[in-house]
Amino acid sequence: MKLVFARLSQPVLLVWAADGYHVPMNISPHHPLFARIASDLADHGWSQQNIFLPEALTRELAEDCRQRALAGALTPAATGRGGSVQVREAIRGDAIEWVEPGQGAASDRYLMIMESLRQGLNQALYLGLEDFEGHYACYPPGAYYRRHLDRFNDDDRRSVSTVLYLNSAWLPEDGGQLRLYLPGERTHDVVPTGGALVVFLSAEIPHEVLPARRERLSLTGWFRRRGERPL
Ligand code: OGA
Ligand code: MN
């Protein structure tokens with residue numbers, strides 16, 4: 001048992017160790033991984049880190065998400081805001097649950113990491129990001145999310161989108177890629193492999209989730225700045 005565990009966790013630990021990184025309880029906002037995300041955002045508006053979280057924490061988050069889904073805590077996601085909130089499966093077919101502080105050890109740990117990333121992005125890019133909101137999302141087989149922007153028409157606070165994937169051994173033929181629409185008719189597809197994080201500017205990068213052929217789990221969130229209009 002010990003051997004199996006060592007073999008499974010080694011690749012992640014090795015990669016981080018080889019890069020000189022570790023995952024302490026409090027990660028500095030100046031962590032090189034955060035600096036890389038900030039410079040990617042500055043250069044082209046998005047960043048993909050294939051090994052963002054160590055395997056153990058990814059697995060704990062996936063387990064938490066799955067347990068919550070089994071307990072019925074995830075509810076069909078809606079689109080829109082204010083008076084126009086609607087569940088429209090033709091647009092998006094995932095079920096979500098917002099992650100609140102104090103809800104669980106693994107999600108608290110993730111919120112702490114996101115807090116460090118928030119500070120790191122503010123220090124590097126002067127974005128004025130004030131808080132983070134995030135939810136677990138589960139796409140059942142066949143579900144998708146049509147092309148959209150993450151910024152609402154009546155609320156411009158969402159500034160930076162983050163998607164952490166929680167799926168083990170995802171294959172390209174499982175579908176469910178996140179497709180980013182980039183300038184110049186270019187697209188970039190992200191395979192939703194566990195531990196990978198995608199970060200992009202909410203107001204600038206249209207994107208969609210292609211139909212998944214198996215259950216697809218993620219923890220999606222947004223760094224928000226102060227609103228320019230009172231709500
Ligand atoms: C979203 C979203 C992308 C993904 O929830 O707004 O675009 O890859 N998610 O899950
Ligand atoms: Mn989105």
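Analyst: A polar contact is a pair of N or O atoms within 3.5 Å. This is a predicted model, in which local features need pLDDT of at least 70 and side-chain atom pairs pLDDT 80 or more, while totals for chains, interfaces and linings use all residues. Residues are numbered from 1 along each chain, chains are lettered from A and ligands numbered from 1 as written, and side-chain values use heavy atoms, without hydrogens or water.

User: How far is an oxygen atom of ligand 1 from a polar side-chain atom of Y165?

Analyst: Ligand 1 has an oxygen atom 3.2 Å from an N or O atom in the side chain of H148. For the side chain of H207, the corresponding distance is 2.9 Å. For Y165, the distance is 2.6 Å.

User: Which residues coordinate the manganese ion (ligand 2)?

Analyst: Donors are N, O and S atoms within 2.8 Å of the metal (3.2 Å for Na, K and Ca). Along the chain, the donors of this ion follow the spacing H-x1-D-x56-H. D150 lies in the loop between strand 5 (145-148) and strand 6 (158-165), and H207 lies 57 residues away in strand 10 (residues 207-209), strands being DSSP runs of E with at least two residues. At 2.0 to 2.1 Å, the coordinating residues are H148 (NE2), D150 (OD) and H207 (NE2).

User: Are D150 and H207 buried or exposed?

Analyst: Buried means under 20% relative accessible area and exposed over 50%, with a 1.4 Å probe and protein chains only. D150 and H207 are both among the residues that coordinate the manganese ion (ligand 2). Both residues are buried.

Methods: Helices (H or I, at least four residues) and strands (E, at least two) are DSSP runs, numbered from the N terminus. A polar contact is a pair of N or O atoms within 3.5 Å; within protein, one must be able to donate a hydrogen and the other to accept it, and residues adjacent in sequence count only if both atoms are side-chain atoms.
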